[in-house]
Amino acid sequence: MAQSDFPPLKNNLILKAARGEPLDHVPIWIMRQAGRYLPEFQEVRSKHKFFSVCQTPALACEVTLQPLRRFDLDASIIFSDILVIPQAMGLTVEMVPGMGPVIPKPLNDPSDLARLVQPDVEKDLKYVGEAITLTRHKLEGKVPLIGFTGAPWTLMSYMIQGGGSSTMIKARAWLYKYPQDSHKLLQLITNVIVDYLVMQVKAGAQMLQIFESHADFLNDELFINYSYKYLKEISENVRKRLTEENIPEVPMTAFPKGATMNSLEMLSKSKTYEVLGLDWTVDPMEARKRLGPDVTLQGNLDPCALYASEEEIMNRGRDMVMKFGKTRYIANLGHGISPDTPIKSVEALIKGVHSV
């Protein structure tokens, strides 16, 4: 569907911020803004399993719109999960209450790569595209819609580890024990991601974010070889494909959570992403100084700061904007919002950011 077939966009602040254009005020959205802290989301989840919501376009659309009805946010992000890609590649993924995502039969050694399938993204992940198209119409141009994916290393680590981990020892061991097979797996995932992101743009996504949620398990050497290499390839190939198909490019964000400042500098200098997401451990002023004026920065309030008083949260929101500066900046948390975050805290943060 052509972008011209959608309702005209009324608030394009986040797209302007990504391109480095002047702004009236800093845009804000919140990672996991459609989620468990909202009672209306809990109501949907009480009737439907997690992946059923992801795989049912009408439900995914409804959940995506919920935070936009409550808050003065400047972007929406499609409700989905990064592990839909391992699912499409043939692995079973279950959402276990109290544990999060679990892959009951992970990849134990390179012989297990034979279990993976090369998905037909247009068919196997069609439900994500349909949810994006439906949501673009239902948004009525209120704010842009962000599409997303997990990055190859993050998906690989889940596929090997079988779920979340505080060490990712099994996944990291592969990088040393089976370097060639690690690259083989990362390339397989990268190829799927490129197809997936192109499909999302064709469906109506106006911006893309790549979540390298497990960058904190990689030192600079591992980041160069097993993360950066593929992040760069994704950006270049998505843009190439869009150009070949005569589809306008969209801004792209890389969020390597926990990456070292050296790794962030490498990404910034490569100019492969318009926006770099920062977690809450990064100092805004140091980031601005070291990452340069030609990249838009996104982040990075500690999600736990939302447990402070409303006045304190507003002050922190204002302070964050002052430190990053109003040019080439998108306000956000430094990671996803916590499930028991008070609604009033979200309102206070948005108010604080918008007040500068």
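Contact here means heavy atoms within 4.5 Å. This is a predicted model, in which local features need pLDDT of at least 70 and side-chain atom pairs count only at pLDDT 80 or more, while totals for chains, interfaces and linings use all residues. Residues are numbered from 1 along each chain as its sequence is written, and side-chain values use heavy atoms, with hydrogens and water left out.

View 1. Let us begin with a single side chain. Val-192 is found in helix α10; helices (H or I, at least four residues) and strands (E, at least two) are DSSP runs, numbered from the N terminus. Is Val-192 buried or exposed? Val-192 is buried, with a relative accessible area of 0%; buried means under 20% relative accessible area, exposed over 50%, and partly exposed in between (1.4 Å probe, protein chains only). Setting aside neighbours within four places in sequence, Val-192 touches Ile-85, Met-89, Gln-118, Pro-119 and Val-121. Between the C-alpha atoms of Val-192 and Pro-152 there are 9.5 Å, although 40 residues separate them along the chain.

**View 2. Helix α9 against helix α10.** Here α9 (residues 169–177) packs on α10 (residues 179–203) at an angle of about 115 degrees, and the axes are 5 Å apart. Axes are lines fitted to C-alpha atoms, for helices over the stretch in contact, and angles run from 0 to 180 degrees between N-to-C directions. From α9, the contact uses Trp-174, Leu-175, Tyr-176 and Lys-177, and from α10 Pro-179, Asp-181, Ser-182 and Leu-185. Sorted by class, this contact holds 5 nonpolar, 1 polar and 2 charged residues.

**View 3. Helix α8, a covered helix.** Look next at α8 (residues 152–161), where 10 of the 10 residues are buried. Among them are Pro-152, Trp-153, Tyr-158 and Gln-161. Just after α8 comes Gly-162, with a positive phi of about 85 degrees.

**View 4. Strand β5 between two partners.** All 6 of the 6 residues in β5 (residues 207–212) are buried. Met-207, Gln-209 and Phe-211 lie on one side, with Leu-208, Ile-210 and Glu-212 on the other, and both faces are covered. Strand β4 (residues 145–150) runs parallel to β5 and is joined to it by 5 bridges; two strands pair if DSSP finds at least two bridges between them. In this pairing, Ile-146 stands opposite Met-207. Strand β6 (residues 252–256) also pairs with β5 in the parallel sense, over 5 bridges, and Pro-256 of β6 is the bridge partner of Glu-212. Together with helix α11 (residues 220–244), β5 and β6 form a right-handed β-α-β unit. A crossover is right-handed if, with the strands pointing away from the viewer, the path from the first strand over the helix to the second runs clockwise.

View 5. Why is β9 (residues 329–333) described as largely enclosed by the rest of the structure? Because 5 of the 5 residues of β9 are buried. Tyr-329, Ala-331 and Leu-333 point one way, whereas Ile-330 and Asn-332 point the other way. With helix α14 (residues 310–324), β8 and β9 make a right-handed β-α-β unit.

Notes
Ala, Val, Leu, Ile, Met, Phe, Trp, Tyr, Cys and Pro count as nonpolar, Asp, Glu, Lys and Arg as charged, and the others, Gly among them, as polar.
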